[in-house]
Amino acid sequence: MSSAANGSGPAAGAGSAGAAGGPEMGTASPAAGESASLAVEELVAGYGEVVALDGVTVTAGAGGITAVLGANGAGKTTLLRAVSGMIKARRGRILLADHDVAGRSPEQIVRAGIAHVPEGQGVIPELTVEENLRIGMMSWRRGPRADRVAALEEEYARFKPLADRRRKLASTLSGGERQMLVIARALLARPRVLLLDEPSLGLAPRVMAQVMDLVVRLSRERGLTIVLVEQNARAALAIADHGVVLNLGRVVATADAASLAADVALRHHYLGF
Amino acid sequence: MVEFLQFTLNGVVFGMIYAAIALSLVLIWRGTRLLNFAQGGMAMLTTYIAIEVIYKTHSYWAGFVIALVAGLILGAASELTVVRPTTGKPELNAVIVTIGLLIFFEGLAGILFGGQFRSFPAGFSITGLKVGGTPLGVSRFDVFTVAAVLLTTLILAVVFRYTTAGLRMRAAAFNATIARLSGIRVARVLTVGWALAGLLGALAGVLVTPSTFLYPNSMDAIFVLGFTAAVIGGLDSPAGAVIGGLLLGIALSYVGGYLNSDLTSLVALGILVAVLMIRPNGLFAGARMRRV
């Protein structure tokens, strides 16, 4: 089964979540760049002999949240890794605003406007918080230092706990602060599409809710196109506009998030709630 | 007491040379988890280049500078041509490639320059310095050796700590995946790391060879001592490499001075084995804090 394009803007129903915000987070700023749609067409990718994605087609509409769901081994993380260039697509196209980026290196893809926050390994603990953030601007072309300082301060305003700890080693941050740090670093790359792999992994429920609120705010207020991979399907569908369910490297369902959440059989077979 | 001072100062001088080799190994290890067995061969080859330039130009400093530049180029070229193709392959492939490079460099030096022992000039006087009539056991060239390695180390430390290029290199060394996803061209960074390692090796070569002789295998023993220093300090720790070099140099100087110079290689091996058994990550490997 192939997916239908989302193509729509943010769902009105999620507005309340976006307005909530986390108690530790500051206000979001306007979008840094125009949003863009992401379309993956008939993608085949894998590791050695293993085919982890077998003709996957997914479309993430500009400015919306697309949840990618499925059990362990479904191919969710591989999908993000293929889109960001960490593994080579063997076949298929990856269209960022109609430009095919398949086959490009991760360095080129982040410059094109796709930032990937990988699962559980985003922080470099040996570096300070500020150094971790500065890495996010490595994809920028040369420009005035003032622009970089302003961009950093913008993220510090958005993530106030990071501002207080900017000189501390990232290893001293809590799980929630680390997640803020990796998302802030990804935002500093000025992406048009943000790939988030299990952002709630290992977080306490309260912190997880804050992270989910943040994801919504980034989409609504900054206009980012977000592809969200989550084991917690219930939480992901609650904030997403659109959902895609993978199983063993193939798309088994795609629809708006509310429809997926209402499909009892699908939830029972693939989503675990 | 005077003997002790002389042995200590002499140990500091040789320790700084071991530190330069150790630092070059650490630079590559941090970025690639690869022990560059060709490091001594690269240092030897650049020292041959230096001596040829010195003979032709009659200028020590021309040879010194050309050796450093040659080290940069040789390091980068080695990474680009034979090491990079092993990326993504089994780790042993890269190790074997560096051993092959060492054999190639030593064979090439034998073909180009012959196998005979050659002396290498010093940039400053090698007459021992005295303070109030008391010989210190070190010369002006020894002072230059210590200053040159310290200055190079300091420059590298400043570049790594305070510049964007240094941050790029540290990020690539600590987590290549995150670095790539952030737009850092990790392959290019690794090439720069190899180039800097080549420069440090070249520096060690031109500084140590006036005390020894130059021949195709002349840096093998220095490489082993530099490796020992790196293991003492921890292959992940640039500061540890320098301290490890100093500790090893001073320890071997005491052994050579108070016991027997024939024992130094044996003691170095003993230290290497002891460190690997007792503290395999090195004496100065950073303890990583993790908070979940």
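How many helices and strands does the secondary structure of chain A come to? In this predicted model, chain A has 11 helices and 10 strands. Chain A holds 273 residues, of which 51% count as buried. Among its contacts between residues at least 6 apart in sequence, 73% join residues at least 24 apart.

- Val40(A) has Ile94(A) of β4(A) opposite.
- As a general point, strands of a sheet pair through backbone hydrogen bonds, in either a parallel or an antiparallel manner.

**The enclosed strand β3 of chain A**

- Strand β3 (residues 65-69) of chain A is largely enclosed by the rest of the structure, because 5 of its 5 residues are buried.
- Cover is found on both faces of β3(A): Ile65(A), Ala67(A) and Leu69(A) are buried on one side, and Thr66(A) and Val68(A) are buried on the other.
- In a regular strand, side chains alternate between the two faces of the sheet.
- Strand β3(A) runs parallel to strand β8 (residues 225-229) of chain A, to which 4 bridges join it. Val68(A) stands opposite Val229(A) in β8(A).
- Strand β3(A) also runs parallel to strand β9 (residues 242-247) of chain A, again joined by 4 bridges. Here the bridge partner of Val68(A) is Val244(A).

**The largest nonpolar core**

- The largest nonpolar core has 174 residues, and those that touch the most other members are Val215(A), Leu228(A) and Ala19(B).
- Helix α8 (residues 186-208) of chain B supplies the largest share of this core, with 16 residues.
- Leaving aside residues up to four places away in sequence, Ala19(B) touches Val149(B), Ala229(B), Ala241(B), Val242(B), Gly245(B) and Leu246(B).
- In soluble globular proteins, nonpolar side chains tend to be buried together.

- In helix α6 (residues 164-174) of chain B, the buried residues include Leu167(B), Arg168(B), Met169(B) and Arg170(B). Ala171(B), Ala172(B) and Ala173(B) are buried as well.
- The cover over the buried residues of α6(B) includes α4 (129-135) of chain A, and also α1 (2-32), α5 (140-162), α7 (176-181) and α8 of chain B.
- The contact between the chains takes 25 residues from chain A and 19 residues from chain B.
- On the side of chain B that touches chain A, the elements that give two or more residues are α6 and α7 of chain B. The largest share of that side, 5 residues, comes from α6(B).
- The residues of that side of chain B comprise 8 nonpolar, 4 polar and 7 charged.

**The helix pair α2 and α3 of chain B**

- Helix α2 (residues 39-57) and helix α3 (residues 60-83) of chain B have axes that come within 8 Å and cross at roughly 145°. The crossing of α2(B) and α3(B) is right-handed.
- Residues of α2(B) in this contact include Met42(B), Leu45(B), Ile49(B) and Ile54(B), while those of α3(B) include Tyr60(B), Phe64(B), Ile66(B) and Leu74(B).
- The contact of α2(B) with α3(B) divides into 14 nonpolar, 6 polar and no charged residues.

- Strand β1 (residues 128-131) and strand β2 (residues 134-139) of chain B run antiparallel and are joined by 3 bridges.
- Lys130(B) stands opposite Pro135(B) in β2(B).
- The hairpin of β1(B) and β2(B) has 2 residues between the strands, and Gly132(B) takes a positive phi near 60°.
- The C-alpha atom of Pro135(B) is separated by 9.5 Å from that of Leu5(B), although the two residues are 130 apart along the chain.

Conventions
Residues numbered from 1 in each chain as written. Chains lettered and ligands numbered in written order. Predicted model: local features only at pLDDT ≥ 70, side-chain atom pairs only at ≥ 80, totals over all residues. Core = buried A, V, L, I, M, F, W, Y, C linked by C-beta atoms within 7 Å. Buried ≥ 20, exposed ≤ 12 C-beta atoms within 10 Å, placed from the backbone. Contact = placed C-beta atoms within 7 Å. Nonpolar A, V, L, I, M, F, W, Y, C, P; charged D, E, K, R; others polar. Pairing = 2+ DSSP bridges. Axes fitted to C-alpha atoms, helices over the stretch in contact; angles between N-to-C directions. Left-handed = near helix turned anticlockwise from the far one by under 90°.
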